[in-house]
Amino acid sequence: HESAHGHVYVEDLSMIPVSNIRDVLEVANLGIKMRATYETKLNARSSRSHTVFTVCIAQRSKLEGGASKGNKIAASSVNFVDLAGSERLPRTKTGGR
């Protein structure tokens, strides 16, 4: 979305901290439940909502023996994007959804 002042923002954006794979899967499943879908000629559950799932990972450096090594942090992120309605429109025989 874009505000009246030209600022771009994502409505209802959430950042949910997780610390293990079980938490990650719970958040992913929550996102799947919130997706809007619609049946097309090509796909029984075609996505009707855009999804951006960003995984951010940070790790603090450790000394041998497990003690923290100052403020050195290695960080990375990966974006997973599902753009709604990316099928070939003429083949799906849908419109306006």
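Is Ser76 buried, partly exposed or exposed? Ser76 counts as partly exposed, at 46% relative accessibility; buried means under 20% relative accessible area, exposed over 50%, and partly exposed in between, with a 1.4 Å probe and protein chains only. The model is predicted, so local features need pLDDT of at least 70 and side-chain atom pairs count only at pLDDT 80 or more, while totals for chains, interfaces and linings use all residues. Residues are numbered from 1 along each chain as its sequence is written, and side-chain values use heavy atoms, with hydrogens and water left out.

**Overall architecture**

- The protein has two helices and four strands, where helices (H or I, at least four residues) and strands (E, at least two) are DSSP runs numbered from the N terminus.
- Along the sequence these elements follow the pattern α-β-β-β-β-α.
- Of the 97 residues in the protein, 4% are buried.
- The accessible surface comes to about 8,700 Å², and carbon and sulfur atoms hold 54% of this area; accessible areas come from the Shrake-Rupley method with a 1.4 Å probe, and for residues only the protein chains shown count as cover.
- Among contacts with a separation of 6 or more, 41% involve residues 24 or more positions apart; contact means heavy atoms within 4.5 Å.

**The aromatic pair**

- The structure holds one aromatic pair.
- Phe53 and Phe80 form this pair, which is tilted, at 6.4 Å centre to centre and 45 degrees between the planes.
- Rings of Phe, Tyr and Trp (its six-membered ring) pair if their centres lie within 6.5 Å; planes under 30 degrees apart count as stacked, over 60 as edge-to-face and the rest as tilted.
- Phe53 lies in strand β3 (residues 51–62) and Phe80 in strand β4 (residues 68–82), so the pair ties together parts that are 27 residues apart in sequence.
- Phe53 is partly exposed, at 29% relative accessible area, and Phe80 is partly exposed too, at 47%.

- Ser76 lies in strand β4 and, leaving aside neighbours within four places in sequence, is in contact with Val55, Cys56 and Ile57.
- The C-alpha atoms of Ser76 and Val55 are 8.3 Å apart, across 21 residues of sequence.
- Val81 is also in strand β4 and is exposed, with a relative accessible area of 54%.
- Not counting residues up to four places away in sequence, Val81 touches Thr51 and Val52.
- Between Val81 and His50, 31 residues apart in sequence, the C-alpha to C-alpha distance is 7.6 Å.
- Asp82 lies in strand β4 and is partly exposed, with a relative accessible area of 29%.
- Asp82 and Ser49 are 33 residues apart in sequence and 8.2 Å apart, C-alpha to C-alpha.

**The largest pocket**

- About 1,400 Å³ of space lies in the largest pocket.
- Of the 30 residues that line the largest pocket, Ser14, Val27, Val52, Phe53 and Thr54 are the closest to its centre.
- Helix α1 (21–34) and strand β3 are the elements that give two or more residues to the lining.
- The lining residues divide into 18 nonpolar, seven polar and five charged; Ala, Val, Leu, Ile, Met, Phe, Trp, Tyr, Cys and Pro count as nonpolar, Asp, Glu, Lys and Arg as charged, and the others, Gly among them, as polar.
- On a 1 Å grid over the protein atoms alone, a pocket is an open set of points with protein on both sides within 12 Å along at least five of seven lines, and lining residues have an atom within 4 Å of a point.
- Grid points are joined across faces, edges and corners, and a volume is the space filled by probe spheres set on the points.

**The segment before α1**

- Asp12 is placed in the segment before α1 and is exposed, with a relative accessible area of 69%.
- Phi of Asp12 is near 60 degrees, a positive value in a residue other than glycine.
- Most residues other than glycine have a negative phi.
- Met15 is found in the segment before α1 and counts as exposed, at 78% relative accessibility.
- The C-alpha atoms of Met15 and Phe53 are separated by 10.0 Å, with the two residues 38 residues apart along the chain.

Conventions: 1 Å grid on protein atoms, 1.4 Å probe; cavity = no way out; pocket = protein on both sides within 12 Å on 5 of 7 lines; lining within 4 Å.
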